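Please keep the sequence and the 3D view at hand while reading.

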Amino acid sequence: MNDIRMIRENPEEFKQRIEARQIEVDVDQILALDTQRRALITQVEEIKAERNAGSKLVGKTKDPAERQQLIDQMAGLGDKITALDTQATEVDRELNDILLGIPNLPDADVPIGKDETENVPGPERGAPLREFGFEPKPHWDLAEELELIDFERAAKIAGSRTYILRGDLARLQRALIDWMLDVHTSRHGYLEVQPPYQVFAETLVGTSQLPKFADTLFHDIEEDKWLIPTAEVPVTNFYREEILDGNTLPVYHVAATPCFRREKVSAGRDVRGIKRVFQFMKVELVKFVKPEESADELMRLVDEACYIAEELGLHYRLLDLCTGDLGFGAAHTYDIEVWAPGCQEWLEVSSCSNMRDFQARRANIRYRADNGKPALLHTLNGSGLALPRVLIAIMEDH
RNA sequence: GGGGAGGUGGCCGAGCGGUUGAAGGCGCUCGCCUGCUAAGCGAGUGUAGUGUGUUAAGCACUACCGAGGGUUCGAAUCCCUCCCUCUCCGCCA
């Protein structure tokens, strides 16, 4: 969520920066609601002060007649308060709903662009492109021939966009997860965590999947629990409503979890293979840092994720996402894409983002700043890496 | 799933309708004292919102004693609903 004070004080700047995302924001409406909200609060608080003072006096007054007179004087105050409170709550909710639906402000150094075609790719890195003396096969053909993935039986038991990893491929995934966790814990200083895979709606609001992207999530209506689309969701929310000791920052967490995604919006896209599926494993990196350090921490996060691609001998590149393609909560994002020679495309295996205080404000995650006061911290997250796509690249390459 | 206990400030723990944002203790911060440390003495020590200040300090007010409703002039205290923790029984990987 964006800071209402920043919007109030610099509405033009806010409008200009947010609209670099190719969206329209009605700043005037926000300002009007904000003004209205504050007026109502001021008004109702005055009456509350009056009531509090009056009630105190009643408590002190011993004479029954005098007492009753005071009570009579305050008749109707309660109703006024209730009415104004209700109005204030409504306006507040309306404003809040609007703010929850507005994405984060892009950083000043994010390339301006309309959509994914204007992302800025960095140089190709890692292992050199492989020379094949033949046409490399896409992984769905390879895996079927080698009996490493069983799509048919998966479809029988669980429908489309599901898969069964078999034998060496299942083993490879397990080994990769283990190794990635080891690298991030021992080489990069992360603490390994195993979070719940099903969470409250509130938790998803904190990281900004809700309220806007409910249609991409699996939801158990009976228990009102949601399956996580990424470990970012539970892990970032660990410290919700907390004030962390500034000395404990930065906090680094790494988690390997399944990720559940409905992929409704992508219906019909990438239906073959395991590139876009309803459930997949991902090793996720999450950082909680002081605001002044988040820009540097983003670059370090990118390096940490790249290290995995590098060590695996993959051919990869970095993509600086433009304003039009930036994720909802991100202020700046670098994607890591690995080359898959079989399906002949770049596969996104990681998306490393600085969320700045966007999630921290939603989830109320703070730290005790040097001046002794609580302040919002910054959160970052990135995959390190997403398993199925890494498997694709390795399979098609080797 | 059934029964019992309980959720109060950084922590422990009182309060059970009125000047209680909350006794007392611990912790922490600052000062005094002191070979050092400990002890002792004094003062201070929640979060957020609104208003007013130069978007500072400060000041005033409002809200917050698990969450949300209700009763009342007034609720941490009474009533209802929900959530969570502990515990006993049942079931179970």
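Two residues are said to touch, or to be in contact, when heavy atoms of the one lie within 4.5 Å of heavy atoms of the other. The structure described here is a predicted model.

## Overall make-up

Chain A holds 13 helices and 16 strands, and its C-alpha atoms fill a box of roughly 100 × 45 × 40 Å when this is taken along the principal axes. Of the 398 residues in chain A, 49% count as buried. Among the contacts in chain A with a separation of 6 or more, 74% come from residues 24 or more positions apart.

## Strand S11 and its two partners

Strand S11, which covers residues 315-320, is largely enclosed by the rest of the structure, because 6 of its 6 residues are buried. The burial holds for both faces: His315, Arg317 and Leu319 are buried on one side, and Tyr316, Leu318 and Asp320 are buried on the other.

S11 pairs with strand S1 (residues 120-126), the two running antiparallel and being joined by 5 bridges, and it also pairs in the antiparallel sense with strand S12 (residues 332-340), again over 5 bridges.

S13 in turn pairs with strand S16 (residues 378-386) in the antiparallel sense over 3 bridges. Asn354 can be followed across these pairings, for His332 stands opposite Asn354 in S13, and Asn354 stands opposite Leu380 in S16.

## A three-stranded open sheet

An open sheet is formed by 3 strands in the order S5-S7-S6, with antiparallel pairing. Strand S5 (198-199) and strand S6 (219-220) are the edge strands, each of them pairing on one side only. Between S6 and strand S7 (residues 225-227) there are 2 bridges, and the two strands run antiparallel; the bridge partner of His219 in S7 is Trp226.

## Packing of helices H8 and H13

Two packed helices are described by the angle between their axes together with the distance between those axes. Helix H8 (residues 167-187) and helix H13 (residues 387-397) pack at an angle of about 115°, and their axes are 11 Å apart. The crossing in which H8 passes H13 is right-handed.

On the H8 side the contact involves Leu169, Leu172, Gln173, Leu176, Ile177 and Met180, which meet Leu387, Val390, Leu391, Ile394 and Met395 in H13. The residues of this contact divide into 10 nonpolar, 1 polar and no charged.

Glu263 is found in the loop between strand S9 (251-260) and strand S10 (279-289). Glu263 counts as buried because its relative accessible area of 14% is under the 20% limit. Leaving aside residues up to four places away in sequence, Glu263 touches Arg161, Thr216, Arg276, Val277 and Phe278, and the side chains of Glu263 and Arg276 are joined by a polar contact of 3.4 Å.

Lys282 has its place in strand S10 and is likewise buried, at 4% relative accessibility. Beyond residues up to four places away in sequence, the residues that Lys282 touches include Thr230, Ala255, Thr257, Cys259, Arg261, Ser383 and Leu387. The side chain of Lys282 makes a polar contact of 2.9 Å with the side chain of Thr230. The C-alpha atoms of Lys282 and Asp325, which are 43 residues apart along the chain, are separated by 22 Å.

## Pro11 in helix H2

Pro11 lies in helix H2 (residues 11-18), where Pro11 is partly exposed with a relative accessible area of 22%. Apart from residues up to four places away in sequence, Pro11 touches Met6, Val27 and Leu31. Although 351 residues separate Pro11 and Arg362 along the chain, their C-alpha atoms are 20 Å apart.

Note on methods
Residues are numbered from 1 along each chain as its sequence is written. Chains are lettered from A and ligands numbered from 1 in the order in which they are written. This is a predicted model: local features need pLDDT of at least 70, side-chain atom pairs count only at pLDDT 80 or more; totals for chains, interfaces and linings use all residues. Side-chain values use heavy atoms; hydrogens and water are left out. Buried means under 20% relative accessible area, exposed over 50%, partly exposed in between (1.4 Å probe, protein chains only). Helices (H or I, at least four residues) and strands (E, at least two) are DSSP runs, numbered from the N terminus. Two strands pair if DSSP finds at least two bridges between them. A polar contact is a pair of N or O atoms within 3.5 Å; within protein, one must be able to donate a hydrogen and the other to accept it, and residues adjacent in sequence count only if both atoms are side-chain atoms. Axes are lines fitted to C-alpha atoms, for helices over the stretch in contact, and angles run from 0 to 180 degrees between N-to-C directions. A crossing is left-handed if the near helix is turned anticlockwise from the far one by less than a right angle, and right-handed if clockwise. Ala, Val, Leu, Ile, Met, Phe, Trp, Tyr, Cys and Pro count as nonpolar, Asp, Glu, Lys and Arg as charged, and the others, Gly among them, as polar.
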